[in-house]
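Hi,

Here is the model I promised to pass on.

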Amino acid sequence: MKMIQNDDLDFETFVSKLETYKNDIKEVSNSGFDIKVLATAAPYSYAQVIAKQYNFDACLATNFPKNGFVSNFENLGKQKKIRLSEYLKANALQSVDTFITDHEDDIPIVKMAQKNIIISPNKKFYNWLNENLINFEIREMK
């Protein structure tokens, strides 16, 4: 993606091709939430298209470094938590109400959410959630 970022790419067409892999999660389309944030390790170039299509208020995604290599450029794990915490603070928000994830890389955010929806967790992640008394529910998806 870094190598082609300046080319004229149609990210909407790219995102439409991902549609067959999409899982329907009712909370994503729930209009009862005051603010919805898409926090993802995916590149911002197409994550922002997804965020717009599904009416997210903000998109926190991976931006490529302008110059050289930066070890924490990817919006992943602790870095994702830092960016989300900064967003919450900047918008005078106190907490994450509902967090949806399918990966244990998101443990730093799972710990701070009031409720977690875990998509098809592996056994290790499931066990960690139970051992750490995390409030969660499981959704099995394709």
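This is a predicted model: local features need pLDDT of at least 70, side-chain atom pairs count only at pLDDT 80 or more; totals for chains, interfaces and linings use all residues.

Residues are numbered from 1 along each chain as its sequence is written, and side-chain values use heavy atoms, with hydrogens and water left out.

**Strand S2**

Helices (H or I, at least four residues) and strands (E, at least two) are DSSP runs, numbered from the N terminus. Thr62 is buried, at a relative accessible area of 5%; buried means under 20% relative accessible area, exposed over 50%, and partly exposed in between, with a 1.4 Å probe and protein chains only.

The Thr62 side chain has two polar contacts to mention. A polar contact is a pair of N or O atoms within 3.5 Å; within protein, one must be able to donate a hydrogen and the other to accept it, and residues adjacent in sequence count only if both atoms are side-chain atoms. The side chain of Thr62 reaches the backbone oxygen of Ala41 at 2.6 Å, and a polar atom of that side chain lies 3.0 Å from the backbone nitrogen of Asn75. As for contacts (heavy atoms within 4.5 Å), and not counting residues up to four places away in sequence, Thr62 touches Thr40, Ala41, Ala42, Pro43, Tyr44, Phe73, Glu74 and Asn75.

Ala61 is also in S2, which spans residues 58-62, and is buried with a relative accessible area of 0%. Leaving aside neighbours within four places in sequence, Ala61 is in contact with residues including Thr40, Ala47, Asn75 and Arg83.

**Helix H5**

Which residues of H5 are buried? In this helix (residues 123-131) they are Phe125, Trp128 and Leu129. They lie on the same side of H5, because they cover an arc of only 100° around the axis; the arc is that of the directions from the helix axis to the C-beta atoms. These buried residues pack against strand S3 (96-101), helix H4 (107-110), strand S4 (113-119) and strand S5 (136-139). On the face turned away from the buried side, H5 carries the exposed residues Lys123, Lys124 and Glu131.

At the N-terminal end, H5 is capped by Asn122, which has a side-chain oxygen 3.2 Å from the backbone nitrogen of Lys124. Just after H5, Leu133 has a positive phi of about 55°.

**Rings**

The structure holds 2 aromatic pairs. Rings of Phe, Tyr and Trp (its six-membered ring) pair if their centres lie within 6.5 Å; planes under 30 degrees apart count as stacked, over 60 as edge-to-face and the rest as tilted. Phe14 and Tyr46 are edge-to-face, at 4.9 Å centre to centre and 70° between the planes. This pair links distant parts of the chain, with Phe14 in helix H1 (residues 11-18) and Tyr46 in helix H2 (residues 44-53), 32 residues apart. Phe14 counts as partly exposed at 36% relative accessibility, and Tyr46 counts as buried at 16%.

Tyr126 and Phe136 are edge-to-face as well, with 6.0 Å centre to centre and 85° between the planes. Tyr126 is in helix H5 and Phe136 in strand S5, so this pair ties together parts that are 10 residues apart in sequence.

There is also a charge over a ring (NZ of Lys or CZ of Arg within 6 Å of the ring centre and within 35 degrees of the ring normal): Lys36 lies over the face of Phe56, at 5.1 Å from the ring centre.

**Overall**

The protein has 5 helices and 5 strands, running α-β-α-β-α-β-α-β-α-β from the N terminus on. Its radius of gyration (over C-alpha atoms) is 16 Å, close to the 14 Å from the globule rule (2.2 Å times the number of residues to the power 0.38) for 142 residues, so the protein is as compact as a globular protein of that length. Of the 142 residues, 33% count as buried.

Cheers
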